[in-house]
Amino acid sequence: MGIIFDKPLIGVVMCQNVIGSHASQTVHNKYLDAIVLAGGVPLPLPHQLMQAPHLLENSMTVLDGILLTGSPSNIEPWHYGEDGKEAHADPARDRLAFGVITHAAGKKMPMFGICRGLQELVVANGGALHRQLHMTHLFQEHREDDTLSLDEQYAPVHEVQPEADGMLSQLLGSTEAFAVNSLHGQGIRETGPQLRVEARAPDGLIEAVSLPKHPFALAVQWHPEWHSERDPVSRRLFEAFIHAAAGYHKEKQP
């Protein structure tokens with residue numbers, strides 16, 4: 001008799017890092033904690049899933065949702081038609097994230113993107129990024145001050161305004177602006193034709209997007225995973241994501 005899971009299994013994209021002298025892949029506990037708190041079971045996804053045929057495809061069959069995490073790294077610019085190199089690149093994560101997005105979109109599997117995860121969803125759907133927001137002189141400072149404590153870095157610094165009749169405002173039951181943290185140096189320049197804008201910062205920067213033809217594909221530029229239990233909006237976003245994944249899990253049962 002097989003094992004029956006009663007909670008949705010959420011694939012979590014990891015990042016390439018070096019621990020000591022060893023190449024490693026990591027994911028912050030804050031993402032895993034937020035998934036568990038909302039009722040899901042996190043399963044980190046290694047970059048090696050892209051190294052042999054069908055590994056990713058076979059892995060996706062057991063998953064019920066995808067979390068595209070934030071990261072210190074940035075997407076390599078050639079993916080959205082830009083020249084030059086990216087100083088903080090993670091090309092293996094690029095490959096895995098784009099592969100996961102393609103599979104999840106085709107299967108209508110719930111997806112939730114955070115920070116880099118939002119940018120991955122944008123680029124995967126034909127959009128483009130501002131590589132250095134502060135150099136455009138069009139926006140306020142969106143980078144964190146890394147000399148501060150983590151609690152100070154992740155404190156709310158500006159509001160976002162949900163779009164009327166959008167997925168985000170429907171999930172929250174309101175179009176009222178709310179405060180978010182901001183820890184990113186890049187941002188959306190163009191969403192591409194597939195995505196819908198869900199929220200903007202006061203300076204006009206797009207802070208959330210969705211795939212309108214997908215049951216649940218939402219991404220935000222801020223970090224709702226940080227102490228998600230303390231913030232009503234963060235808690236609602238993760239609960240909605242896990243609820244959608246639970247529905248997907250039930251639908252695929254024989």
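The model is predicted, so its local features require pLDDT of at least 70 and side-chain atom pairs count only at pLDDT 80 or more, whereas totals for chains, interfaces and linings use all residues. Residues are numbered from 1 along each chain as its sequence is written, and side-chain values use heavy atoms, with hydrogens and water left out.

**Stop 1: helices H3 and H4**

Select residues 91–107, helix H3, together with residues 116–124, helix H4. Helices (H or I, at least four residues) and strands (E, at least two) are DSSP runs numbered from the N terminus. H3 and H4 pack at an angle of about 65°, and their axes are 10 Å apart. That angle makes H3 roughly perpendicular to H4. Axes are lines fitted to C-alpha atoms, for helices over the stretch in contact, and angles run from 0 to 180 degrees between N-to-C directions; under 35 degrees counts as roughly parallel, over 145 as roughly antiparallel, 65 to 115 as roughly perpendicular and the rest as oblique.

Next, display the side chains between these helices. From H3, Arg-93, Asp-94, Ala-97, Phe-98 and Ile-101 meet Arg-116, Gly-117, Glu-120, Leu-121, Val-123 and Ala-124 of H4. The residues of this contact divide into 6 nonpolar, 1 polar and 4 charged. Here Ala, Val, Leu, Ile, Met, Phe, Trp, Tyr, Cys and Pro count as nonpolar, Asp, Glu, Lys and Arg as charged, and the others, Gly among them, as polar. Contact means heavy atoms within 4.5 Å.

Buried means under 20% relative accessible area, exposed over 50%, and partly exposed in between (1.4 Å probe, protein chains only). After H4 comes Gly-126, with a positive phi near 90°.

**Stop 2: aromatic pairs**

Select Tyr-154 and Trp-226. These form a stacked aromatic pair, 4.3 Å centre to centre with 15° between the planes. Rings of Phe, Tyr and Trp (its six-membered ring) pair if their centres lie within 6.5 Å; planes under 30 degrees apart count as stacked, over 60 as edge-to-face and the rest as tilted. Tyr-154 lies in the loop between helix H6 (150–153) and strand E8 (158–162), and Trp-226 in the loop between strand E13 (217–220) and helix H8 (232–251), so the pair ties together parts that are 72 residues apart in sequence. Both Tyr-154 and Trp-226 are buried.

Move to Phe-216 and Phe-241, whose ring centres are 5.9 Å apart with planes at 35°, so this pair is tilted. Phe-216 counts as buried at 5% relative accessibility, and Phe-241 at 0%.

**Stop 3: Ala-245 in H8**

Select Ala-245, which lies in helix H8 and is buried, with a relative accessible area of 0%. Its C-alpha atom is 8.6 Å from that of Phe-216, 29 residues away along the chain. Neighbours within four places in sequence aside, Ala-245 is in contact with Pro-8, Ile-10, Asp-64, Gly-65 and Pro-110.

**Stop 4: helix H1**

Finally, select residues 29–37, helix H1, where Lys-30, Tyr-31, Leu-32, Ala-34 and Ile-35 are buried. Their cover includes strands E1 (9–13), E4 (41–45), E5 (65–68) and E6 (111–114), as well as H8. Gly-39 follows H1 and has a positive phi, near 105°.
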